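Visitor: I would like to go through this model with you, term by term. Could you tell me what stands behind each label?

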Amino acid sequence: MTDQSSHTTLMARRSRTLGPAYRHFYDAPLHPVRGQGVRLYDAEGRAYLDAYNNVPSVGHCHPRVVEALAAQAAELNTHTRYIHPKIVEYGERLTALFDPALSQVMFTCTGSEANDLALRVVRAVTGGTGIIVTSNAYHGVTADLAELSPSLGAANPLGAHVRTVAPPSGVDGGASFAAEVRTAIASLQAAGLRPAALLFDTVFASDGVYLDPPGCIAGAVAAIREAGGLFIADEVQAGLARVGSHMWAYERHGVVPDIVTLGKPLGAGHPLAAMVIRPELLAEFGAKTRYFNTFGGNPVSAAVGLAVLDVIRDEGLQENAASVGRALQDGLATLAQRHPEVVAEVRGTGLYAAVELRGAPGTAGQGISWLLNDMRRRGVLLGSCGSHGQALKIRPPLPFGEDDLAELLTALDEGLSQDGLCHILGA
């Protein structure tokens, strides 16, 4: 059987067995069979530069992570109803990366579970049910979180207890963000709903990546606390050294959340997530109810999590995110100047960036779809963000180096120059 016929057969089997709800990234679906560092390799042996995946945070298949996983799996794997030194050590190491006010942690397997647990906590502690999220937020896959994730579309309507606000944008973004949160609080109260939490992804990734100016979230956080609610910082996409200047993106804004939810990068490909919290909140929650997750925080996951933290420290990956991240932002700004007819704006910090195209959001979204497929053909993997997918999302593994960046910028320069993209955008 030829590679092409094998690929076609696999696609047919997938469709027949897994059904239609799963989606592909590209017009010609990618079939990776191996990963190493910042590269993926497909079934035909072609290498792709991974400038999208933050899950393998320390690089695909890092040998220290793989070794830690295998060694602990060969020794013991149980759960948190038994005590185990690696679980405790990982909890200590992880919470030590936060402000001292955030000193306790509960483990889950996914960011969705962490956000779901955070919702349980805020409801128990505040007595409220009203939740405020951003206008194109994504927070997870549970039924409760689908009601808080407008990015899932009209087929997943928001709950009656949910209000949306635009993310902060521009020089005066912080003031407008705070004002919208206050309006949302008033709307909840008018409906007889007590505000429980303001929940947002701290780089506003699904909304289109909005990080500046530093401090722009502080007024909104103050507003929810004045109303008796709590601030949940969703660091599932943003956290663990990615922004370079800080370990967690919320730290750029000079605030300390009440709860922080973590996921994707913690396990570098292994399902590991967590909720970090103020101990007084967890004490009140624990006095009223309990939480147990069969696989959350098991010894194998703890061993993986410790290995990831070791690699970030020993290989200077936060420092790399800062230095290569500055070069990434500068390089994208240069491309925006070279292609003013197609690039509307570049946003980001560290190894997280968005490149928004010109035109109406729907048209720009078509342009991004074309560009993603063009870049895939050039051997570079990227994503999209924004309410209409109108911006490129650039979010590579943390070891992304200067040579990798040069390859990305060269390919993107060529992609932005193509007549096909200009035709879609009317440029």
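Visitor: Which strands does helix α3 lie across, and at what angle does α3 run to β4?

Guide: Happy to start there, with the reminder that this is a predicted model. Helix α3, residues 85–95, lies across β4, β9 and β10 (273–277). Its direction makes about 120° with β4.

Visitor: Which residues of α3 are buried, and what puts them on the same side?

Guide: The buried residues are Ile87, Tyr90, Gly91, Leu94 and Thr95. They cover an arc of only 120° around the axis, and therefore they sit on the same side of α3. The buried residues of α3 pack against β4, β9, β10 and α9 (299–314). Pro85 and Glu92, on the face turned away from that buried side, are exposed.

Visitor: What is the strand order in the sheet of 7 strands?

Guide: The order is β4-β10-β9-β8-β7-β5-β6, in an open sheet with mixed pairing.

Visitor: Why are β4 and β6 said to stand at the edges?

Guide: Each of them, β4 (104–108) and β6 (162–165), has a single partner strand, so one side of each is left without a neighbour in the sheet. From one strand to the next, the twist averages 20°.

Visitor: How do you know that β8 and β9 pair?

Guide: Two strands pair if there are at least two bridges between them. Strands β8 (residues 230–234) and β9 (residues 259–262) have 3 bridges, so they count as paired, in the parallel sense. Within this pair, Ile232 stands opposite Ile259 of β9.

Visitor: Which strands does helix α4 lie across?

Guide: Helix α4, residues 111–126, lies across β4, β5 (130–134), β7 (195–201), β8, β9 and β10. It runs at about 160° to β9.

Visitor: What about the sheet of 4 strands: which are its edge strands?

Guide: That open sheet has the order β1-β2-β3-β13, again with mixed pairing. Its edge strands are β1 (32–36) and β13 (380–381), as each pairs on one side only. Helix α12 (residues 402–416) packs on the sheet and touches β2, β3 and β13, with its direction at about 95° to that of β3.

Visitor: What makes β2 and β3 a pair?

Guide: The cut-off is at least two bridges. Strand β2 (residues 39–42) and strand β3 (residues 47–50) are joined by 3 bridges, so they pass, and they run antiparallel. Arg39 stands opposite Leu49 in β3.

Visitor: Which strands does β15 run antiparallel to?

Guide: Strand β12 (residues 352–357) is joined to β15 by 4 bridges, antiparallel. Here Ala353 stands opposite Ile394. Strand β14 (residues 383–385) also pairs with β15 in the antiparallel sense, over 3 bridges, with Gly383 opposite Lys393. In the hairpin of β14 and β15, 5 residues lie between the strands, and Gly386 takes a positive phi near 100°. From β15 (residues 391–394), Ala391 and Lys393 point one way, Leu392 and Ile394 the other way, and all are buried.

Visitor: Why is Gln329 called buried?

Guide: Buried means under 20% relative accessible area. Gln329 has 15%, so it counts as buried. This residue lies in helix α10 (residues 317–338). Its side chain reaches the backbone oxygen of Gly350 at 2.9 Å. Leaving aside neighbours within four places in sequence, its contacts include Val346, Arg347 and Tyr352.

Visitor: And why is Glu341 called partly exposed?

Guide: The class lies between under 20% for buried and over 50% for exposed. With 36% relative accessibility, Glu341 falls in between, so partly exposed is the label. Glu341 is found in the loop between α10 and β11 (343–349). Beyond its neighbours within four places in sequence, Glu341 is in contact with Arg358 and Ala427.

Visitor: Finally, how do you know that the chain is as compact as a globular protein of its length?

Guide: The chain holds 13 helices and 15 strands. Its radius of gyration is 22 Å, close to the 22 Å that the globule rule gives for 427 residues, so the chain is as compact as a globular protein of that length. Of the 427 residues, 54% count as buried.

Key: Residues numbered from 1 in each chain as written. Predicted model: local features only at pLDDT ≥ 70, side-chain atom pairs only at ≥ 80, totals over all residues. Heavy atoms only, no water. Helix = DSSP H or I, 4+ residues; strand = E, 2+ residues; numbered from the N terminus. Axes fitted to C-alpha atoms, helices over the stretch in contact; angles between N-to-C directions. Contact = heavy atoms within 4.5 Å. Buried < 20%, exposed > 50% of the residue type's maximum accessible area, 1.4 Å probe, protein only. Polar contact = N/O pair within 3.5 Å; in protein donor to acceptor, adjacent residues only side chain to side chain. Arc of directions from axis to C-beta. Rg over C-alpha atoms; globule rule 2.2 N^0.38 Å.
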